[in-house]
Structures are given as C-alpha cells and as structure tokens.
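Thanks for coming. Please have a look at it before I start.

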Amino acid sequence: KKSRSVFLTQMPKHTKDVSVDEEDVEEVLLEEKKDDEEEEDEPSPAEIALKFVTDLPSDVRRRVFALQGIQKDFAEVHAKYLEEMRELERRFETLYQPLFDRRHVIVEGSSEPTEEEISSGAKITEVKEEGESQQPAPEGEDAVKGIPNFWLGALQNHEETGELITERDMECLKFLNDISAKNFDDPNKGFSLTFHFAENPFFTNQTLTKSYFMDDEDQSEITLEKAEGCKIDWKPEKNLTVILKKKKQKQKGGKGAVRTVTKEEPCLSFFNFFSPPQLPDEKDDEEDDDEDMDELEDKIEQDYEVGRTIKDHIIPNAVDWFTGEAFRQLRLPPGLLGGDDDDEGDEEEEDDGGHHEKLKKIVPPKEPPECKQQ
C-alpha cells in the first residue's frame with residue numbers, strides 16, 4: 001500500500017465526513033474497500049523494474065544485466081568507503097577533543113591563554129602590528145572572567161539557532177559555558193549534543209542533552225529513527241518554556257464569588273529544543289488530516305537540521321560565530337573566499353555517501369529521559 005514518503009510508519013487512512021445515514025456509511029465503506037483493493041493491486045517498484053527490463057530487446061537486456069553487475073561491485077566498494085569514513089571521523093573526533101577542551105577552560109575563565117596562543121590569533125596579531133593602544137586589563141573585582149556570553153553570541157549569530165532564542169532565553173543562556181557533540185560508536189547511527197551550564201537561577205541541571213538516533217540500512221538515504229531530549233528541572237516560576245497567566249473564574253457553589261487562578265501556557269523558547277516534536281500514536285492520529293501531518297513533519301525536519309547545524313557548524317567554528325566572522329563570510333560574493341565561483345558559502349552540505357545528506361525519513365521519538373547530573 002502507499003505510504004507517506006518521508007515516514008517509516010504507515011499513516012492511517014482518513015475517512016470522509018459523512019452523516020449517520022446507514023446507506024451513506026455503507027457507501028463510504030465500499031469506496032474504502034475498493035481503494036484498498038486497487039492499492040493492493042498496484043505493482044511494487046521492484047516488480048515495475050523487472051517488467052521494464054524483461055520487455056527490453058534481448059541484446060539491450062544483456063547490457064543492462066552487465067550494468068547491474070557493475071552497480072553491485074560499486075556498492076561493495078562504496079561500503080568500504082563508508083566504513084573508512086566512519087573510522088576517519090572517529091579518529092579525528094579524538095584529535096579535536098583536546099582543542100575543544102582548551103577552548104572550554106579559556107571561555108569559562110578557569111585558565112588564561114598563553115602568549116603563544118594569543119599571538120597565533122590572526123586578528124589579534126594584526127591589531128598589534130597596526131600599533132593600536134591596548135587598554136590594561138582591569139584587576140580585582142572588576143576583572144572579567146573568561147569570555148562572557150560566548151556561546152550565547154555564537155548561537156545568536158547563526159540564523160538556524162538565533163531565530164529560536166527569545167529575550168527571556170538570553171539571560172539563561174549567559175550561563176552556558178560549553179556545547180559538546182559526540183558521535184555514537186558508529187557515526188552513521190547518530191550523535192548526541194551536551195549543553196554545559198554553570199550554576200544559574202533557572203534550573204538545577206548541570207547539563208542538558210539532545211540525541212539523534214539514525215538508521216543507515218539504506219545507504220542511499222539517511223533515516224531519523226528518533227530524537228530524544230531531556231527533562232529540565234526548572235526552579236519555581238523560572239520555566240522559560242511557559243508563561244504564567246492569571247485568570248478570574250467563579251468559585252463552585254458560591255454566589256458571585258470570584259477567584260484568581262494562575263495557569264501555565266506554552267510559549268516560544270530555545271529550551272523547547274530539548275522537547276523534540278513527536279509523531280502521534282496511530283490510534284491518536286485518526287483525526288489528524290494531511291495538513292497537520294505535513295506541519296509536524298516540517299517541525300521534525302527543522303529540529304534535525306538545528307541539531308546538525310550545532311554539531312557540524314557552530315561547535316567546530318564557535319569563535320567565528322561569536323565574533324561574526326562566519327556570519328560575514330556567508331554573505332561575501334561567490335569566489336571571494338578562495339573557493340569555486342559556484343560555491344555560495346551558505347550551502348555547506350557534506351557528502352560522505354549518505355551520512356550528511358538531507359534527512360529523508362522520520363519515525364517518532366520516545367519519551368525523553370531525565371538529564372544526568374554531574
């Protein structure tokens with residue numbers, strides 16, 4: 001039977017709006033039965049391909065068989081390529097980590113950079129060469145620790161994540177002192193993101209996590225099996241994902257007595273990222289129409305793209321997003337960055353045989369686990 005192309009699960013059939021008249025109900029049921037029979041009679045793609053090849057002239061058919069054999073050989077070589085890519089990614093992830101750890105301690109202020117590290121920064125070196133006066137660093141209570149608002153600035157300067165941050169979120173994200181990403185043992189199986197927070201007045205968690213679980217059985221496309229966020233332990237009246245609204249209502253049994261109640265209503269927030277959208281159960285999906293499912297599908301794809309953006313672009317190039325350098329580069333005319341003229345800059349799709357290709361399929365995530373305390 002036909003299924004929605006971007007979902008692994010079969011979407012329930014939606015019936016038409018009908019009256020209670022028995023004849024109308026029977027007519028609708030007969031129509032649905034007929035539709036089901038027609039769908040069952042439709043040949044599968046494999047059957048269509050087989051018939052197509054069978055109907056070819058014998059000499060052409062033999063050549064097609066030869067090409068199919070070559071395709072099989074290519075698939076075997078490509079599988080080796082993918083495995084080497086996975087091993088390469090695992091190896092370089094280990095090499096990246098000491099650099100990210102060093103960045104972390106400088107950003108949070110637990111360590112100061114060395115003179116060698118400072119001089120290796122191209123922009124700082126240019127400032128010194130131009131002879132600009134350098135203000136002495138404040139000392140004591142006025143001394144600035146680390147690099148304030150580093151990760152907030154990096155997230156805000158990227159269009160994909162910046163549009164998720166509200167004014168209410170900004171104060172909380174000032175306490176974000178690191179973001180790390182880790183591939184699963186098999187990078188094609190997914191990855192996790194960890195947001196590290198200093199002690200703050202908003203929640204008690206030291207880390208917030210988000211994981212994406214992938215399926216690479218079909219090498220031609222990447223499949224999102226599920227996305228898992230985590231439970232945020234908000235402090236009283238500090239939940240940024242809801243707003244408190246006071247409403248007046250009459251008390252039960254009272255004569256004109258009115259009381260004021262406070263209710264929570266969901267609102268936009270960056271921290272909704274840790275509660276990813278989920279597909280409804282089939283029993284709950286019967287009343288949803290195609291338009292609702294399309295909207296949900298878009299939300300799930302957008303959530304995945306935000307996760308990949310943080311992992312592939314913001315974490316590796318955080319200082320460039322913080323300073324705005326990466327933002328500027330994306331908007332330079334083609335060819336000014338030393339690349340090909342047809343490289344637009346903002347299209348940074350990677351091609352490793354399917355690992356970083358655009359998300360093709362989605363299945364519903366499960367209930368999020370609680371965040372781990374450290």
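Predicted model: local features only at pLDDT ≥ 70, side-chain atom pairs only at ≥ 80, totals over all residues.

Is Leu95 buried, exposed or partly exposed? Its relative accessible area is 48%. Buried means under 20% and exposed means over 50%, so Leu95 counts as partly exposed.

Leu95 is also part of a nonpolar surface patch, together with Leu88, Phe92 and Tyr96. The patch covers about 360 Å². As a general point, an α-helix has 3.6 residues a turn, so residues three or four places apart point the same way.

Now the helix as a whole. H3 has 51 residues. From its first C-alpha to its last it reaches 71 Å, close to the 75 Å expected at 1.5 Å a residue.

Where does H3 bend? The bend is at Tyr96, by about 30 degrees, and a proline, Pro98, follows within four residues.

After the helix comes Gly109, with a positive phi near 90 degrees.

Last, the cysteines. How many disulfides does a search of the whole structure find? The search finds zero. Cys172 has 0% relative accessibility, so Cys172 is buried. Cys267 is at 17%, and because the cut-off for buried is under 20%, Cys267 counts as buried too.

That is where I will stop.

Notes: Residues numbered from 1 in each chain as written. Heavy atoms only, no water. Disulfide = S-S within 2.5 Å. Buried < 20%, exposed > 50% of the residue type's maximum accessible area, 1.4 Å probe, protein only. Patch = residues over 30% accessible without salt bridge, like charges linked within 9 Å, V, L, I, M, F, W, Y side chains within 5 Å. Areas by Shrake-Rupley, 256 points an atom, 1.4 Å probe, with all protein chains shown as cover. Salt bridge = Lys/Arg side-chain N within 4 Å of Asp/Glu carboxyl O. Helix = DSSP H or I, 4+ residues; strand = E, 2+ residues; numbered from the N terminus. Expected span 1.5 Å × (residues − 1). Bend = angle between axes of the 7 residues up to and from the residue.
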